[in-house]
Amino acid sequence: MNKPTTPPSKQSAGIAPPKGRLGVLIPGMGAVATTLIAGVNLIAKGHGRPIGSLTQMQKIQIGNGGTPRYVAIKDLVHLAEPGDLVFGGWDITPENAYQTACNAGVLGHDMLSNVRRELEAIAPWRGVFDQAYVRNLKGTHVKTGASKMDLAKALMDDIKKFLADNDLERAVMLWCGSTEVYSEPGPVHQTLESFEQGLRDSAPEIAPSMIYAYASLMCGIPYANGAPNLSVEIPALIDLANRKGIAVGGRDFKTGQTMMKTVVAPGLQARMLGLEGWYSTNIIGNKDGEVLDDSGSFKAKEVSKGRVLDSILQPDLYPELYGDYHHKVRIDYYPPRGDAKEGWDNIDIQGWLGQSMQIKVNFLCRDSILAAPIALDLILFMDLAQRAGLSGIQEWLSFYYKAPTMPDSQEPQHDLFVQHLMLTNMLRALAEEEALDQSDLGENVEKLIVR
Ligand SMILES: NC(=O)c1ccc[n+]([C@@H]2O[C@H](COP(=O)([O-])OP(=O)(O)OC[C@H]3O[C@@H](n4cnc5c(N)ncnc54)[C@H](O)[C@@H]3O)[C@@H](O)[C@H]2O)c1
């Protein structure tokens, strides 16, 4: 039964309200970025609804027990308005956002023509690029500098100019660039001192995305990573974020197949159904698919997608159900499909007396259509976190990521519903409302508790 919706009683006490417009800095003005920007402009003109965005559409329960209220997230906490976002960004090719959106083919020309002027006004600045990190792309619109530190300073100059030109006091940076090759933190990534020396020496272990993250943090701007590669998630940059009191988070937007996986797996585990194997395959034909066709970039995605099942199923606790399952993830680049990714999951499960059963999931999704509302929510929530003084890693935003970055080597949560509770309980805390615990336990449990 639907519960009554009542207006909010208060708004995020003690948090600086969003003053003025909010800058959005995007390295990688590709399909996700332009679908986000086109969408924000289309919605402002009444040409669509922000479906998939919690900040714009979700109402959450406030109060435990008898008569909870349902309050829209945007009424519970002070968020920037989507209409107050000002976009700027970098790319390694020079097309403006309108040309890129047309090439990406996510939204049709009939929709894009309504926001053509706004998109044409956004031309990317030259990017910081190194083909060793994205082997299937060539950069034609890139910065040059004597060292990686010089490139970082050039990014900081872009940021300062963007803030000054648009009279902005706040901004958020969101990495929407191509997936860089898989890497692990090495000695140069351990301390801020070694990292800055590495920038001056142009250490090959420093990826372009790390240079953007460094520039963002040095300018006091929160940074979130939408791709699976290592970027801000290195000790040196986490330390910088903590020292300067800046919010950071990542990584890899949780959009299609992994989102479904983190919905289905908790259900299997809750019902104590065993798992023999989970085979996931995708076809995708956009530029992201082309980049992932390279083994180095694919490895970053494979690792990011691979960790979710163990964390949800807890094989240590249930070795007889989940101790020996086979998990395989494939992504095949198939140009005719464009951004309309198709994912197939074959799940071999076991029931009563070890009898085998199968579940098939065929998700005909639209990659950037799923990613754009996540990008919008992350921008608005990272800005909220910064205004609320929440610095360092924002694990309460794990809901949005395939491989959530966690503070102090804590294990990430992957179950979508647990992640949702983490997120909404943080919002309740920011609004000085009670955390949600076991609501609606049922009459008999409540009788027992009373006894
Ligand atoms: N679309 C989704 O559902 C989804 C889900 C999870 C993660 N992601 C990740 O988000 C990122 C963006 O996805 P997309 O579909 O928009 O890809 P895309 O290929 O359309 O866009 C990426 C853009 O980044 C640019 N780029 C690459 N290296 C750069 C650099 N160093 N500096 C500046 N620009 C650079 C490319 O030229 C390209 O325009 C990818 O890493 C992808 O893996 C996307």
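Strands E7, residues 223-225, and E8 pair in the parallel sense, over three bridges. This is a predicted model, by the way. One of the pairings to look at is Ala224, whose bridge partner in E8 is Gly249. E8 itself covers residues 247-250. Ala247 and Gly249 point one way from the strand, Val248 and Gly250 point the other way, and all are buried. In general, side chains in a regular strand alternate between the two faces of the sheet.

Next, the open sheet. Four strands make it up, in the order E10-E9-E11-E12, and the pairing is mixed. At the edges sit E10, 326-333, and E12, 356-364, each pairing on one side only. On average, neighbouring strands in this sheet are turned by 10° against each other, ignoring direction.

Inside that order, E9, residues 274-284, and E11, residues 342-350, pair in the antiparallel sense over nine bridges. Ser280 has Asp345 in E11 as its bridge partner. Helix H11, residues 257-270, packs on the sheet and touches E9, E11 and E12. The direction of H11 makes about 15° with that of E11.

Last, a helix pair. How do the axes of H1 and H4 cross? H1 is residues 31-44, H4 is residues 97-104, and their axes come within 9 Å and cross at roughly 110°. The two helices are therefore roughly perpendicular to each other. H1 passes H4 in a left-handed crossing. On the H1 side the contact uses Ala31, Thr34, Ile37 and Ala38; these meet Ala97, Thr100, Ala101 and Ala104 in H4. By class, that contact has six nonpolar residues, two polar and no charged ones.

Terms used: Residues are numbered from 1 along each chain as its sequence is written. This is a predicted model: local features need pLDDT of at least 70, side-chain atom pairs count only at pLDDT 80 or more; totals for chains, interfaces and linings use all residues. Axes are lines fitted to C-alpha atoms, for helices over the stretch in contact, and angles run from 0 to 180 degrees between N-to-C directions. Angles under 35 degrees count as roughly parallel, over 145 as roughly antiparallel, 65 to 115 as roughly perpendicular and the rest as oblique. A crossing is left-handed if the near helix is turned anticlockwise from the far one by less than a right angle, and right-handed if clockwise. Two residues are in contact if their C-beta atoms, placed from the backbone, lie within 7 Å. Ala, Val, Leu, Ile, Met, Phe, Trp, Tyr, Cys and Pro count as nonpolar, Asp, Glu, Lys and Arg as charged, and the others, Gly among them, as polar. A residue is buried if 20 or more other C-beta atoms lie within 10 Å of its own, exposed if 12 or fewer, and partly exposed in between; C-beta atoms are placed from the backbone. Two strands pair if DSSP finds at least two bridges between them.
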